[in-house]
Amino acid sequence: MRRLRFLLRPGWFALAAVVALFAYLCFTVLAPWQLGKNTSTSHRNELINESVNAEPVAIEQLLSGPGFADDDEWRRVVATGSYDTDNEVLVRLRSIREQPAYEVITPFRLDSGPTVLVNRGYVLPVQGTAPPSIEPAPPGAVTLDARIRQAEGTSREPIEEAGHIQVYNINPDQIGTAVGVDAVQGYLQLDEGQPGGLGLIELPQTDSGPYLSYGLQWLAFGIMAPLGLAYFVRAEWRERRKATNQDLADLDSEVATSDTPVSAAARPHADSAVEEPEFTLPTRKERKSKAKAGSALTDKDVRLADRYGKNR
């Protein structure tokens, strides 16, 4: 065990701490993050695929309490009511086919009483980032085919710019507070060819994405990091053992050419618990003494200097 005492040095302690922290983050943060995204994406794809073949139902059948159930997202519904065009808002910083866009959100009063936000689609900005003139929603009673979407989180406060109240997320609580409307949780996204529809927001692609492979990669990294540390420990131990064996070979050579016999008890061997002495550069006084005596560094000094990157 004395040959492993080099692991008690601060450098090895620091390396072990970094490896342990990295492996901990891989197993508890990074891999679960990617695997969680893979699970949520797979669940979303299942809901979309189920909604494609499902017949639309009346929105009142799925509207319970303050909003819609999580598993009802992407369900096709039929809603009858009228648009509240006086309380329309724009959603900023949207991207449609890699182009900046605005999405238009208009409250919709159902004949059954509640108000739900409707995403009528997108418009592209003109003259830089200025919103264009927006075609108003039709007045009076209309029937819409749409899909249920869950409310988004909030990131910034609404602003008023270019004659419109503009928000950064589709959040019924935030939008309702900004325009004075009490809307249910969640919103509707119009299908193609609906009254008041603008640019169609297409369904997302139903591929699973790279999240599963990313999660497995982080798990592999968490396993490889301790194995890499063990490899370097073993390599250092082998180098030190090799240096000890070389010292024994040099001693055997000196004994063979010497007239003075050396007893076996006085001769160290490779399996003994002899720790290799720590290499240190000679002091200035020692260098001056060696220079005066015409001596130079020994072969062992040169070998250790090369090994630890120190000047000869």
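Glu-46 is partly exposed, with a relative accessible area of 47% (partly exposed lies between buried, under 20%, and exposed, over 50%, with a 1.4 Å probe and protein chains only). The model is predicted: local features need pLDDT of at least 70 and side-chain atom pairs pLDDT 80 or more, whereas totals for chains, interfaces and linings use all residues. Residues are numbered from 1 along each chain as its sequence is written, and side-chain values use heavy atoms, without hydrogens and water.

Glu-46 belongs to helix α1, residues 10-53. Together with Glu-50, Asp-70 and Asp-71, Glu-46 forms a negative surface patch (residues with over 30% relative accessible area and no salt bridge, like charges being joined within 9 Å and nonpolar side chains within 5 Å; a salt bridge is a side-chain nitrogen of Lys or Arg within 4 Å of a carboxyl oxygen of Asp or Glu).

Helix α1 also contains Tyr-24, which counts as exposed at 53% relative accessibility. A nonpolar surface patch is made up of Tyr-24, Leu-21, Leu-25 and Val-29, with about 380 Å² of accessible area together (Shrake-Rupley method, 1.4 Å probe).

The protein chain contains six helices and nine strands (DSSP runs of H or I with at least four residues, and of E with at least two). Of its 312 residues, 34% are buried. Among contacts (heavy atoms within 4.5 Å) between residues at least 6 apart in sequence, 67% join residues at least 24 apart.

Definitions and conventions: Lys, Arg positive; Asp, Glu negative; His and termini not counted. Charge placed at Lys NZ, Arg CZ, Asp CG, Glu CD.
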